[in-house]
Amino acid sequence: MDWTPGNMSSDIEDRRDSGGGSVEFGGLRIAGIVVLIAVSLVTGHNFFSGRSVQSAQQSRPAHGATEDRDAHLISYVLDDVQQQWTQIFAKQGKQYRHAKLVLFRGSTYSGCGTARAATGPFYCPADEKVYIDLDFWDQLRRVGGSTADFAQAYVIAHELGHHVQKLMGTEAKVAQLEQREPGERMHLSIDTELQADCYAGVWAHSAEARGKVHEADIESALSAAAAVGDDHLQKISGHAVSPEKWTHGDAAQRTAWFRRGLASGDMASCNTFGGGSR
């Protein structure tokens, strides 16, 4: 992926130095247990049983060179993705409102409650902010996902896809449907996530057309998408694949919808709610 570090985006809120101590489970840092959290939720097995909980003082250096590079990459991607969505919205006669992105360590506050490193990157529609602890890239690597530059860019573009859903009214409609049809919550959750994958592909189409990304970059993004597929997380936990416990879609679905957005460059091709999770 071709990019050049520059000044940090005005849409970045850097809270990495505002935290104090952290929490450990049986000697494992909370930032290091995102995989166990995800696998526990997907499989229904409690991987924390028997682990003790204790306080740990934060002893990491302020910023390492690798962490600073990751922060600048996120800043670049954040601005590039939002510039493209601004143009897409303008063509439809709509106005795109920028999301903010919060960098933090361990935990921080959000409009959706406490943001913790263990939950991985997420978008909060209440305050229109993306939250990410940079230790997430270590967890992605542990589940077999690529952490190349464009793989990281895919993750950010996916979360901003949820912001697009908020602006388009999709998030509100899904919430209403979940209330009316609680039995469809799993499918609605998966459809929502797959659409965000497709929207990430729409941005990737633009980046590819501008010569910012290349075929090898696309493969790294697909690797990241597949690694966080519900079926893959269940398999690496040693449990049988249980589709009834999925929340984000399997590896094939996630990569297929990313590819659809990549091929078309058109958000109209991202109607996952027409049966994307079935």
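Visitor: Is Thr 86 buried, partly exposed or exposed, then, and which figure goes with that?
Guide: Thr 86 counts as partly exposed, at 32% relative accessibility. Here buried means under 20% relative accessible area, exposed over 50%, and partly exposed in between, with a 1.4 Å probe and protein chains only.

Visitor: Before I go on, what kind of model is this?
Guide: This is a predicted model, in which local features need pLDDT of at least 70 and side-chain atom pairs count only at pLDDT 80 or more, while totals for chains, interfaces and linings use all residues. Residues are numbered from 1 along each chain as its sequence is written, and side-chain values use heavy atoms, with hydrogens and water left out.

Visitor: Good. Where is Thr 86 placed, and what is it in contact with?
Guide: Thr 86 sits in helix 2. Helices (H or I, at least four residues) and strands (E, at least two) are DSSP runs, numbered from the N terminus. Leaving aside neighbours within four places in sequence, Thr 86 is in contact with Tyr 96 and His 98, contact meaning heavy atoms within 4.5 Å. The C-alpha atoms of Thr 86 and Tyr 96 are separated by 5.1 Å, and the two residues are 10 apart along the chain.

Visitor: Zooming out, how many helices and strands does the protein have?
Guide: There are nine helices and nine strands in the protein. Of its 278 residues, 50% count as buried. Among contacts between residues at least 6 apart in sequence, 76% join residues at least 24 apart.

Visitor: What's the strand order in the open sheet of four strands?
Guide: The order is 1-5-9-8, with mixed pairing; two strands pair if DSSP finds at least two bridges between them. Strand 1 (12-14) and strand 8 (122-124) stand at the edges with a single partner strand each, so one side of each has no neighbour in the sheet. From one strand to the next, the twist averages 25 degrees.

Visitor: In which sense do strand 1 and strand 5 pair?
Guide: Strand 1 and strand 5 (residues 100-104) pair in the parallel sense, over three bridges. Glu 13 stands opposite Val 102 in strand 5.

Visitor: And which strands does helix 2 touch?
Guide: Helix 2 (residues 65-91) packs on the sheet and touches strand 1, strand 5 and strand 9 (129-133), its direction making about 170 degrees with that of strand 5. Helix 4 (residues 149-168) also packs on the sheet, touching strand 5, strand 8 and strand 9, and its direction makes about 25 degrees with that of strand 8. Axes are lines fitted to C-alpha atoms, for helices over the stretch in contact, and angles run from 0 to 180 degrees between N-to-C directions.

Visitor: At what angle do helix 2 and helix 4 cross?
Guide: Their axes cross at roughly 40 degrees and come within 9 Å. Helix 2 and helix 4 are therefore oblique to each other: angles under 35 degrees count as roughly parallel, over 145 as roughly antiparallel, 65 to 115 as roughly perpendicular and the rest as oblique.

Visitor: Last one: where is Met 267 found, and which residues is it in contact with?
Guide: Met 267 is in the segment after helix 9 and counts as buried at 9% relative accessibility. Leaving aside neighbours within four places in sequence, the contacts of Met 267 include Trp 85, Val 164 and Tyr 199.
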